[in-house]
Amino acid sequence: MKKIIITVGLSSIIALTGCSNDKDQGMDRPNINAGNPKNVNNPTQYYDEDYRNHDNKSDNFGFTRTNKTTIKGRNISNKTATIDREQLADIISTLSVQLPNVNDAATLVTDEEVLVVYDTNTKDRTDTADQVKRTAMSIVPRYYHVYVSDDPTLAQDIENFATLQSDSKGVDHTIEETIKSMLKSPQGYKMSDVENENGEMINDKRDHHDNIQQKTDNF
């Protein structure tokens, strides 16, 4: 009987200790599924800190959840998303040269465009252009437009932009001139029924592809 009592006593202590540890480890976090922001005692700490990966490991998932209460009174005007354009360009070039018949690739990523010049020995230029273009499309945000060319002599042209910035004097005009040259090469197939080969909306007045193409036809 004493053994049974001792055993029950130890079990109770372990159970109580476990509950205490659970609380210490955050098991009593506010229920984010409750849908009631006022039940969150410290929403800033909960949402911004509890799941944040401070070690910045590349294999970690990214997660965030917020609501109006969470951002109330916080200065978020300078909290804008940024894109590492050089890293994107490197990824696109690396993936492109892994495509069939693509031997070399040079990539420029601007604030809204991707220019890819590649060397190829393909027998189907349009199909290869489509593969290179869609590879780039799969990497950058969807609002980007992608232009490709299998004329390797243009690689130096886009490399000349490497030291420039989006607000560099005359850069927009120079990029358009480069794109005009690139459009002489196959661009692959239309992205969709409402998008042209470069991912621009068809019949969109802001679509400068048609303007550039018209310049090319008149060139």
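**Exercise 1. Determine what share of the contacts with a separation of 6 or more joins residues 24 or more positions apart, then outline the chain.**

Step 1. In this predicted model, 59% of the contacts in the protein chain with a separation of 6 or more are between residues 24 or more positions apart.

Step 2. The chain holds eight helices and three strands. Read from the N terminus, their order is α-α-α-α-β-β-α-β-α-α-α.

Step 3. Of the 219 residues, 32% count as buried.

**Exercise 2. Decide where the coordinates call for caution, using pLDDT.**

Step 1. Mean pLDDT for the protein chain is 76, and 60% of the residues reach 70 or more.

Step 2. Residues 19-30 stay under 50, and the model gives them nine contacts beyond four places in sequence. Residues 32-49 also stay under 50, with 25 such contacts.

Step 3. Where pLDDT is low, predicted coordinates should not be read in detail. The contacts of residues 19-30 and of residues 32-49 are to be treated accordingly.

**Exercise 3. Describe how strand 1 and strand 2 are joined and paired.**

Step 1. A hairpin of three residues links strand 1 to strand 2.

Step 2. The two strands pair in the antiparallel sense, over seven bridges. In one of the pairs, Ala-106 has Val-117 of strand 2 as its bridge partner.

Step 3. Strand 1 is largely enclosed by the rest of the structure, because six of its eight residues are buried.

**Exercise 4. Find what covers the buried residues of helix 5.**

Step 1. Helix 5 spans residues 125-137, and its 13 residues reach 18 Å from the first C-alpha to the last, close to the 18 Å expected.

Step 2. Its buried residues are Thr-128, Ala-129, Asp-130, Val-132, Lys-133, Thr-135, Ala-136 and Met-137.

Step 3. The cover over them includes helix 4 (85-96), strand 1 (102-109), strand 2 (113-120) and strand 3 (145-149).

**Exercise 5. Identify the members of the largest nonpolar core that touch the most other members, and the elements that build this core.**

Step 1. The core has 19 residues, of which Ile-92, Val-109, Val-114, Val-116, Tyr-118, Val-132 and Val-148 touch the most other members.

Step 2. Helix 4, strand 1, strand 2, helix 5 and strand 3 each give two or more residues to this core. Helix 5 makes the largest contribution, four residues.

Step 3. Take Val-116 as a case: beyond four places in sequence, its contacts include Ile-92, Ala-106, Val-132, Val-148 and Met-182.

Step 4. A second, separate core has 14 residues, among them Leu-108, Ala-155, Phe-161 and Leu-183.

Key:
Residues are numbered from 1 along each chain as its sequence is written. This is a predicted model: local features need pLDDT of at least 70, side-chain atom pairs count only at pLDDT 80 or more; totals for chains, interfaces and linings use all residues. Side-chain values use heavy atoms; hydrogens and water are left out. The expected span of a helix is 1.5 Å times one less than its number of residues. Buried means under 20% relative accessible area, exposed over 50%, partly exposed in between (1.4 Å probe, protein chains only). Contact means heavy atoms within 4.5 Å. Two strands pair if DSSP finds at least two bridges between them. pLDDT is the predictor's confidence in each residue, from 0 to 100. A nonpolar core is a set of buried Ala, Val, Leu, Ile, Met, Phe, Trp, Tyr and Cys residues joined through side-chain atoms within 4.5 Å.
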